[in-house]
Structures are given as C-alpha cells and as structure tokens.
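Please consult the sequence and the structure while working through each solution.

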Amino acid sequence: MKTLFEHAVRIITIGFSLLLASLNVQADAAHKLQEKLQNISSYKASFTQEIRDEFNTVLDSSSGHFELQRPKQFRWVVTDPYEQEIVADGKSLWQFDRDIEQINVSELDASLETTPAAILTKDQVDIVDNYNVAEITTSSDDTTLFQLSSTAEDALFERLLMEFKGESLIALQVSDNLGQTTLIEFTDVNLAPDFEQQHFVFTPPEGVDVIDNRQKVADNAKDKP
C-alpha cells in the first residue's frame, strides 16, 4: 500500500512540476513578446496580404503599405488590385474606398478593442495578463515566432501568429472565428520612420459620401443598461 501511495504522490508531484514548468514557459514567452512590442513606437513597411477560407481557398489578395505611430495612429493603404485607405487618427477610424467613392468613419476604440490591431496600435497592452502566449521554435536563429490567443471571450480572433526577424515584425497570421485565415507579410521594414505631425490626420475629399457611425456607437452605448 505504501508503495502505491508513494507512486501516486510521485505522479502528482511530476504533474504539478510539468504544469508549473508550462506556466513559466508561457510567462517567459509573454514577457519576451511584450518587450519586442514595446520597442515598436513607430513602423513603416510594404505588405502583401492573402485571405483564405476554411477550405484553404484564396478569397482575396492585395498589397500596399502600412505606417504606424503609437498610440492609436496608423495608415493602411491598399494599392493593388483596388485602392483602399484605412486611417486611424487617434480618435476615429476612417475607411476610404476609392473605387466606390465612399468613406465610413467609426469610433476608434470601439472598432479595435477586440481585434489583433489593438496589440500593435495601443500605447500599453498587457500581453502577460490578456493573452496566452507560446514561443514556437524556428529554423533560423534570428527569427522569433509567437502564437497568441486572447483570454477575452469576445475576441474576434482565435489565434494570432507574430513573426519577428531581430526586432522587426515581418509577418502576421490571424485565424478568425469564421474559419478564415489572413496572412500578412511585411518587407522594407523601417522601425524609425520620420512622420510629420499631421501625417495621420484624414480629411475627406470633396464630393465623396461620408457615412458617419460614431454617433450611432455613442447612442448604442447610452442605451445599454
């Protein structure tokens, strides 16, 4: 009986040790990712983007450039195969679809809060407390790959992969709750771009329809109990 008891205690001890080791590994990966993100205060790069459905069929491919100035300012410009510009000025999110000459504007915080974009754009993101993070081994010594899942129940993505070469973010892969996967690869990365003070101010061109959803979001917030 004593032998069985000792054996059971040994198994439980090993189990706890493995659990604690796993938690420590996750915490180390989260701290490592948080440090890399804190080093990105501004960013500029060209990108290619591909969206696939749950059957791995390509739904959309596009390319353009991305500019970021933390906190909460960025410009995502698609140049091929259509023209689209998404601008965050710190308070509002502007989406300008040039082909149909239409602009949608929404309140920035409400638009980004549960999306992967919040990780890159917010001034402070607590990776350790808000995400489950694992570091994935790669074949290259200077490449680091992290896998994230949000602890928030209303998160709009299931899994996010972030790949760094040195301190440069070179790729994102987002798997959303609808089974779609978006792969974004960055090239010509600049971690110290020189943006003018008004660079992220968006002024709608004359004659373009503007659909303003900011007041609607505010009204919905008032209606909540």
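**Exercises on strand pairing**

S92 stands opposite E107 in β6. The model is predicted, so local features need pLDDT of at least 70 and side-chain atom pairs count only at pLDDT 80 or more, while totals for chains, interfaces and linings use all residues. Residues are numbered from 1 along each chain as its sequence is written, and side-chain values use heavy atoms, with hydrogens and water left out.

**Exercise 1.** State in which sense β5 and β6 pair, and over how many bridges.

Step 1: Strands (E, at least two residues) are DSSP runs, numbered from the N terminus; β5 covers residues 92–97 and β6 covers residues 102–107.
Step 2: Two strands pair if DSSP finds at least two bridges between them; here there are six, in the antiparallel sense.
Step 3: The hairpin has four residues between the strands, and E101 takes a positive phi near 50°.

**Exercise 2.** Determine in which sense β6 and β12 pair.

Step 1: Q102 stands opposite D209 in β12.
Step 2: The two strands pair in the parallel sense, over four bridges.

**Exercise 3.** Describe the pairing of β8 and β9.

Step 1: β8 (residues 143–150) pairs with β9 (residues 157–165) in the antiparallel sense over six bridges.
Step 2: F146 stands opposite M162 in β9.
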